[in-house]
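Let's take a walk through this fold together, one neighbourhood at a time. Have the sequence and the 3D view open as you read.

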Amino acid sequence: EEAGMLAGDVIIAVEGQNVAGMDTTAVRDLVRGQEGTQVLIGIQRGDDTLEMSITRKTVQTPVAEYRMLEDGIGLVTIYNFDDRCSDETLGAIETLLAQGATALVFDVRNNPGGYKHELVRILDYLLPAGPLFRSEDYRGKVDVDESDAACLELPMAVLVNGDSYSAAEFFAAALSEYDAAIVVGEKTTGKGYFQSSFTLEDGSALNLSIGKYTTPNGVSLANVGLTPDVTVEVDEETAFLIYAGTLDPAEDPQIQAAIEILKAE
């Protein structure tokens, strides 16, 4: 982004080497190098072919971001539930509350999930006493994560779509089952199993499902997904702009639908 690359640009060469047909791992390895050095990237932008010299450096992408919308409604976008998610998400909430937020919209569209402990810590902050997340392995061992009584009592909404996956789905489902938030958007992916990875002698790996997850109420989302309380579908062009993060909230029909719902409460 700093070098001027745009969402939708297609990388076609690295240091003059054509990368057509290479997988993403191979291209990544060509792009990466010693911090502070330059790498020449060839891109296709529509009908134009461009070259960009980009400085290599360590980049830590945000896991969660926030902004204040109209009428005191805060927007928290959670990109994944990986490391730092709970710290950044709770920090975003606290900042918005300090700025006077009276309602919150959580955006977990295109969120691929992540770690259970990050998810549970956020849900514990938001929800009252009770179960937050249930898991059961194939030996029948059941594990239930519980919330304490402290909770956030604000009107809330959660945005989901067909690429909301795993922890993102369970985040929205938990808030919905506690009647803590309205779910807006499109039906989610429908993951309901957890895996363990086994590395093989040739360097490949096997990802094996070893148990199942359910919502606080014991509902499985496997192959079913979560259906929003309010369905708002978008066309392919709008979906791409949402994925790229370039659509202004004022032009985002799903954000605007959530705002209208929260304003009516």
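In what sense do strand 7 and strand 10 pair, and over how many bridges? Keep in mind that we're looking at a predicted model. The two strands run parallel, with four bridges between them, strand 10 being residues 156-160. If you want a spot to start from, go to Leu-104: its bridge partner in strand 10 is Met-156.

Strand 7 also pairs with strand 6 (residues 73-78), again in the parallel sense, this time over five bridges. Here you can pick out Thr-77, whose bridge partner in strand 7 is Asp-107. To get from strand 6 to strand 7, the chain passes through helix 2 (residues 85-98), and this β-α-β crossover is right-handed.

So how covered is strand 7 itself? Mostly: it spans residues 103-107, and five of its five residues are buried. Ala-103, Val-105 and Asp-107 point one way, Leu-104 and Phe-106 point the other way, and all are buried.

On the helix 2 side, the contact includes Cys-85, Leu-90, Ile-93 and Leu-97, while Arg-121, Ile-122, Tyr-125 and Leu-126 are among the residues helix 3 brings to it. Sorted by class, this contact has seven nonpolar, two polar and four charged residues. Among the residues you'll find there are Asp-87 and Glu-94 from helix 2 and Glu-118 from helix 3.

Four strands form an open sheet here, in the order 2-1-3-4, with antiparallel pairing. Its edge strands are strand 2 (17-18) and strand 4 (48-55), each pairing on one side only. Strand 1 (residues 10-14) and strand 3 (residues 38-45) run antiparallel and are joined by four bridges.

Helix 1 (residues 24-31) lies across strand 1, strand 2 and strand 3, and runs at about 55° to strand 1.

Conventions: Residues numbered from 1 in each chain as written. Predicted model: local features only at pLDDT ≥ 70, side-chain atom pairs only at ≥ 80, totals over all residues. Heavy atoms only, no water. Buried < 20%, exposed > 50% of the residue type's maximum accessible area, 1.4 Å probe, protein only. Pairing = 2+ DSSP bridges. Right-handed = clockwise from strand over helix to strand, strands pointing away. Contact = heavy atoms within 4.5 Å. Axes fitted to C-alpha atoms, helices over the stretch in contact; angles between N-to-C directions. Nonpolar A, V, L, I, M, F, W, Y, C, P; charged D, E, K, R; others polar.
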